[in-house]
Structure formats: C-alpha cells, structure tokens
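This briefing covers one protein model, with the points grouped by topic. Please look over the sequence and structure first.

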Amino acid sequence: MTLLKLTEVDTFYGGIQALKGITIDVEEGEIVTLIGSNGAGKSTTLKSISGQAPVKAGSIVYKGTHITKFPPHQTARLGIAHVPEGRKIFPKMTVKENLTIGAFSLSNKKVIEENMTRVLTYFPRLKERLTQKGGTMSGGEQQMLAIGRALMMNPTMLMLDEPSMGLAPIIVEQIFEIIMELNKNGMTILLVEQNAYQALQIAHRGYVIQTGEIILQGKGSELIHNEKIKEAYLA
Ligand code: ATP
C-alpha cells in the first residue's frame with residue numbers, strides 16, 4: 001500500500017524555487033532513501049512533507065489524506081515523524097525531558113510511559129543516561145536521542161535527515177543498525193543521506209535529487225551499481 005505520495009511538488013523560499021516538480025512515493029514498510037549533493041533539495045523535500053516548508057504547487061497525500069498545506073503539528077498527529085538535520089535536541093534539558101517533549105500531543109500518561117519504555121529498548125544507551133543533559137551527550141548519543149524523541153509519538157513513518165552527519169563510522173554503523181531494526185519491526189522510513197553508499201545498502205528503493213529535481217530512481221541494490229551514481233556520489 002502506498003503510504004506517502006508526492007506529485008509534482010514545487011516549493012519556494014521567497015523567489016527561490018528549491019523543489020521543481022518532485023514526484024516520489026513511499027510504500028508501507030519500505031526504507032526509501034533520497035540522495036543528492038549539498039543544496040539539492042533533500043531537506044526541503046522532508047520539510048515540505050512535514051509542513052515546515054511552503055509548498056506552492058503539487059500535492060502530498062499521506063494515508064489517503066491531502067496534507068499538502070498541513071502545519072507540522074497536524075502531520076505529526078497523522079503519524080509522520082521528522083528528525084531534522086543537526087538533531088536539534090534541547091541541550092539544557094535532560095534525556096528524559098527531551099524524550100517526553102517528543103510526546104507533546106499525547107495526553108494519556110500511560111501511553112506516554114509505554115512509548116518511553118519501547119523507545120528505551122531500542123536505545124539502552126539513553127536508558128543509562130536519562131538524567132544527563134542532552135547537550136553533554138556525544139554526537140552519536142544526540143542522534144539517538146533525536147530519533148528516540150521522534151519515536152515517542154509512535155509514528156507510522158520516520159523521516160531522518162542525514163543521521164550520519166558528523167559521526168564516526170562505527171557510530172554510523174550503530175545508527176544504521178537501529179534504522180534497520182525499526183524497519184524490521186514495521187516502521188516505514190524515508191532517509192535523506194549524503195552518505196549515499198551506506199543509505200543505498202539498506203534502502204529498498206532510492207531517488208537521486210539534483211537541483212530540485214528527481215534525476216534517477218530505482219532499487220537500492222541497482223542504484224548502488226549505477227555508473228552515474230558511482231561517479232557522482234560514491235566517490
Ligand atoms: P544540504 O545537505 O546541504 O542541507 P539539501 O539537499 O538538503 O542540502 P536543501 O537544504 O533542501 O538542500 O536546500 C535546497 C535549496 O533551497 C538550496 O539552494 C538552499 O540554499 C535553498 N534553501 C534552503 N532553505 C532555505 C531557506 N530557509 N531560505 C532560502 N533558501 C533556502
């Protein structure tokens with residue numbers, strides 16, 4: 001079943017057109033990756049979906065609902081979780097407070113506790129550090145916290161914006177393991193990465209975006225062997 005469909009999406013920042021007719025879809029249960037170089041429009045695509053960038057034309061449908069003009073709190077309520085580039089955790093708040101904020105639109109304490117327990121089984125490292133201030137955590141731990149916070153709403157789709165950014169290879173490995181585990185347990189994932197090789201290794205399908213347009217798409221296993229991609233993004 002198609003969970004998410006973008007059709008001919010145009011997004012502008014003032015007079016600058018960042019997305020030029022983006023058409024992509026994500027099936028339930030898939031890992032789909034969006035790769036491309038700096039400034040190609042990867043982050044803007046995620047922001048257009050979650051309601052943080054102004055879509056001017058085209059449509060975005062999630063689970064059959066037109067969400068093109070939905071603000072972030074509404075897309076979150078529908079089950080879309082967005083982990084932004086650079087993590088954006090709250091540095092002065094504890095790990096537990098950061099996680100609790102992720103459940104902002106839930107009011108049932110029991111559900112929040114259940115979600116917390118579930119999130120902490122994915123991230124035992126966070127469980128050991130519940131009272132530590134977010135800002136004093138390592139980069140990898142902060143990335144885990146950002147993902148954990150997004151999972152607190154029990155979303156149906158997780159959008160990750162460059163989770164590997166600035167992390168040592170061994171930590172990236174751990175983050176990707178967790179992404180795969182989440183997916184095995186049913187989470188649909190839309191993954192933006194500059195680390196094309198790693199992303200294509202775990203993705204069912206991928207799209208290549210260049211100056212606001214999709215220039216190539218296919219199975220992860222095919223794209224990883226594509227000569228054009230090897231040349232431009234796997235160097
Ligand atoms: P990166 O990995 O560098 O973040 P990206 O593929 O995610 O790259 P975007 O951040 O989506 O790229 O940017 C796409 C284009 O939109 C770029 O030309 C960028 O300069 C422009 N842009 C992004 N955000 C804004 C903004 N808030 N105001 C104006 N222009 C923006």
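His82 counts as buried because its relative accessibility is 17%; buried means under 20% relative accessible area, exposed over 50%, and partly exposed in between (1.4 Å probe, protein chains only). The model is predicted, so local features need pLDDT of at least 70 and side-chain atom pairs count only at pLDDT 80 or more, while totals for chains, interfaces and linings use all residues. Residues are numbered from 1 along each chain as its sequence is written, and side-chain values use heavy atoms, with hydrogens and water left out.

**Surroundings of His82**

- His82 lies in strand β6, residues 80-83; helices (H or I, at least four residues) and strands (E, at least two) are DSSP runs, numbered from the N terminus.
- The side chain of His82 makes a polar contact with the side chain of Ser50 at 2.8 Å, and another with the side chain of Gln52 at 3.2 Å.
- A polar contact is a pair of N or O atoms within 3.5 Å; within protein, one must be able to donate a hydrogen and the other to accept it, and residues adjacent in sequence count only if both atoms are side-chain atoms.
- Leaving out residues up to four places away in sequence, His82 touches Leu46, Lys47, Ser50, Gln52 and Met159, where contact means heavy atoms within 4.5 Å.

**Domains and their interface**

- The domain assignment gives domain 1 as 1-79 + 157-235 and domain 2 as 88-155; such bounds come from an automatic or database domain assignment.
- Taken over C-alpha atoms, the centres of domain 1 and domain 2 are 23 Å apart.
- In the interface, 17 residues of domain 1 are in contact with 14 residues of domain 2.
- The size of an interface is often given as the accessible area lost when the parts come together.
- Between them, domain 1 and domain 2 bury about 1,300 Å², with 77% of it on carbon and sulfur atoms; buried area is the accessible area (1.4 Å probe) that two parts lose on being put together, summed over both.
- On the domain 1 side, Ile175, Ile178 and Leu182 lose the most area to domain 2, together 31% of what that side buries.
- There are 0 salt bridges between domain 1 and domain 2, and 1 residue pair is in polar contact across the interface, with both residues at pLDDT 80 or more.
- At least two residues of the domain 1 side that touches domain 2 come from each of α2 (72-77), β7 (157-161) and α7 (169-184).
- Helix α7 gives the largest share of that side, 6 residues.
- The residues on the domain 1 side that touches domain 2 divide into 11 nonpolar, 3 polar and 3 charged. Ala, Val, Leu, Ile, Met, Phe, Trp, Tyr, Cys and Pro count as nonpolar, Asp, Glu, Lys and Arg as charged, and the others, Gly among them, as polar.

**Salt bridges**

- The whole structure has 7 salt bridges, each being a side-chain nitrogen of Lys or Arg within 4 Å of a carboxyl oxygen of Asp or Glu.
- Asp25 forms a salt bridge with Arg205, with the closest N and O atoms 3.3 Å apart.
- This pair links distant parts of the chain, 180 residues apart: Asp25 is in strand β2 (residues 16-27) and Arg205 in strand β9.
- Arg205 counts as buried because its relative accessibility is 18%.
- Glu30 also forms a salt bridge with Arg205, the closest N and O atoms being 2.7 Å apart.
- The side chains of Arg125 and Glu141 meet in a salt bridge at 2.9 Å, N to O.
- Arg125 lies in helix α5 (residues 124-127) and Glu141 in helix α6 (residues 139-151), so this pair ties together parts that are 16 residues apart in sequence.
- Arg125 is partly exposed at 32% relative accessibility, whereas Glu141 is buried with a relative accessible area of 6%.
- Salt bridges that share partners join Asp25, Glu30 and Arg205 into one network.

**Loop residues**

- Gly39 lies in the loop between β3 (31-35) and α1 (42-50), and counts as exposed because its relative accessibility is 75%.
- Glu162 is found in the loop between β7 and α7, and is buried with a relative accessible area of 6%.
- Phi of Glu162 is near 50°, a positive value in a residue other than glycine.
- Thr211, in the loop between β9 (205-210) and β10 (213-219), has a phi near 35°, again a positive value in a residue other than glycine.
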